[in-house]
Amino acid sequence: MAINNEEKQEIKPIGHNELAHKSLLQSDALYQYILETSVFPREHPCLKELREMTEKHPWNLMATPADEGQLLSMVIKLINAKNTLEIGVFTGYSLLSTALALPSDGKVLALDVSREYYELGLPIIEKSGVVDKIDFREGPALPVLDELIQDENNKGTFDFVFVDADKDNYLNYHKRVIELVKVGGLIGYDNTLWSGSVAAPSDAPMLDYIKRLRDYVIELNKYLAHDSRIEICQLPVGDGITLCRRIN
């Protein structure tokens with residue numbers, strides 16, 4: 001079917017929306033209803049401050065949305081997690097959500113290539129009173145994961161792992177963290193619906209970074225669907241999150 005110039009102008013490329021509406025819901029009004037009714041009223045004051053600070057950052061689309069942070073908090077409490085791992089931190093919204101949800105003796109090992117972004121949120125994290133639960137390490141995550149795996153005592157010791165980093169390494173991360181999470185523990189992969197592009201034709205108009213990483217997300221989704229070591233649940237929260245429960 002031919003498309004005229006006016007129709008071309010009406011076609012919007014697939015890509016993430018502004019942070020305040022980082023959702024796959026078709027209705028912004030419905031998403032705002034969820035935030036204002038169920039999320040914002042229960043948001044910790046330091047999470048709110050961190051969210052509002054991050055919204056002003058030019059790379060705010062990298063942040064975990066508030067409703068997803070709420071989900072992470074609930075999951076951590078449901079499984080009574082104490083020892084957790086986070087790959088990809090940015091300014092720390094998901095990290096702070098995790099630290100606040102953990103018990104007083106809980107720990108989160110946080111890995112990110114940029115200490116600069118983490119330090120933007122660090123004063124707020126310190127204000128929250130949970131910074132002692134956080135072990136932040138700057139640098140690529142794969143070497144750290146490989147080092148952890150080399151020690152047999154680290155295998156099966158993490159209750160929860162959250163991955164929200166470079167999508168082209170998601171499968172590499174999975175092949176490592178599956179050894180580190182305990183049987184019965186959970187792994188959460190963020191952005192697994194990748195702004196809806198995973199269900200779109202390959203020639204659909206997309207923002208460049210969406211198109212460039214789309215195949216990696218699709219590859220991960222296919223792999224997880226056939227990995228007999230886990231049970232999975234893919235949810236349309238935020239930009240899509242897949243929860244994987246290790247069963248053997």
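A residue is called buried when its relative accessible area is under 20%. By that cut-off, buried residues make up 49% of the 248 residues in the protein. Keep in mind throughout that this is a predicted model.

**Stop 1: the whole chain**

Show everything as a cartoon. There are 9 helices and 7 strands to find. The radius of gyration is 18 Å, close to the 18 Å that the globule rule gives for 248 residues, so the protein is as compact as a globular protein of that length. Now switch to C-alpha atoms. They fill a box of roughly 60 × 40 × 30 Å along the principal axes.

**Stop 2: helix 5**

Select residues 93-101, which form helix 5. Is this helix enclosed or open? It is largely enclosed by the rest of the structure, because 8 of its 9 residues are buried. The buried ones are Tyr-93, Ser-94, Leu-95, Leu-96, Ser-97, Thr-98, Ala-99 and Ala-101.

**Stop 3: helix 4 against helix 5**

Two packed helices are described by the angle between their axes and the distance between the axes. The crossing of helix 4 past helix 5 is right-handed.

Next, show side chains. On helix 4, pick Ala-66, Gly-69, Leu-72, Ser-73, Ile-76 and Lys-77. On helix 5, pick Tyr-93, Ser-94, Ser-97, Thr-98 and Ala-101. These residues make the contact. Colour them by class, and this contact between helix 4 and helix 5 shows 5 nonpolar, 5 polar and 1 charged residues.

The spacing along a helix is worth a thought here. An α-helix has 3.6 residues a turn, so residues three or four places apart point the same way.

**Stop 4: helix 3 against helix 5**

Helix 3 brings Cys-46, Leu-47, Leu-50 and Arg-51 to the contact. Helix 5 brings Tyr-93, Leu-96, Ser-97 and Leu-100. By class, the contact of helix 3 with helix 5 has 6 nonpolar, 1 polar and 1 charged residues.

**Stop 5: Pro-65**

Follow the chain into the loop between helix 3 and helix 4, where Pro-65 lies. Pro-65 counts as buried, at 3% relative accessibility. Pro-65 and Ser-23 are 42 residues apart along the chain, and their C-alpha atoms are separated by 8.3 Å.

**Stop 6**

Most residues other than glycine have a negative phi, and most peptide bonds are trans. Two residues here are worth checking against that.

Select Asn-80, in the loop between helix 4 and strand 1 (83-87). Its phi is near 55°, a positive value in a residue other than glycine. Is Asn-80 buried or exposed? Asn-80 counts as exposed, at 60% relative accessibility.

Then jump to Ser-195, in the loop between strand 5 (181-190) and helix 9 (208-225). Ser-195 has a positive phi of about 60°, although it is not a glycine. Ser-195 is buried, with a relative accessible area of 14%.

**Stop 6: helix 7 with helix 8**

Select residues 141-150 for helix 7 and residues 170-180 for helix 8. Their axes come within 10 Å and cross at roughly 30°. Helix 7 and helix 8 are therefore roughly parallel to each other. Helix 7 passes helix 8 in a left-handed crossing. The contact includes Leu-145 and Ile-149 of helix 7, and Tyr-173 and Val-177 of helix 8. By class, the contact of helix 7 with helix 8 has 8 nonpolar, 1 polar and 3 charged residues.

**Stop 7: Gly-238**

Finish in the loop between strand 6 (230-235) and strand 7 (241-246), where you will find Gly-238. Gly-238 is buried, with a relative accessible area of 2%. Draw a line to Leu-111. Gly-238 and Leu-111 are 127 residues apart in sequence and 21 Å apart in space, C-alpha to C-alpha.

Note on methods
Residues numbered from 1 in each chain as written. Predicted model: local features only at pLDDT ≥ 70, side-chain atom pairs only at ≥ 80, totals over all residues. Heavy atoms only, no water. Buried < 20%, exposed > 50% of the residue type's maximum accessible area, 1.4 Å probe, protein only. Helix = DSSP H or I, 4+ residues; strand = E, 2+ residues; numbered from the N terminus. Left-handed = near helix turned anticlockwise from the far one by under 90°. Contact = heavy atoms within 4.5 Å. Nonpolar A, V, L, I, M, F, W, Y, C, P; charged D, E, K, R; others polar. Rg over C-alpha atoms; globule rule 2.2 N^0.38 Å. Axes fitted to C-alpha atoms, helices over the stretch in contact; angles between N-to-C directions. Parallel < 35°, antiparallel > 145°, perpendicular 65-115°, else oblique.
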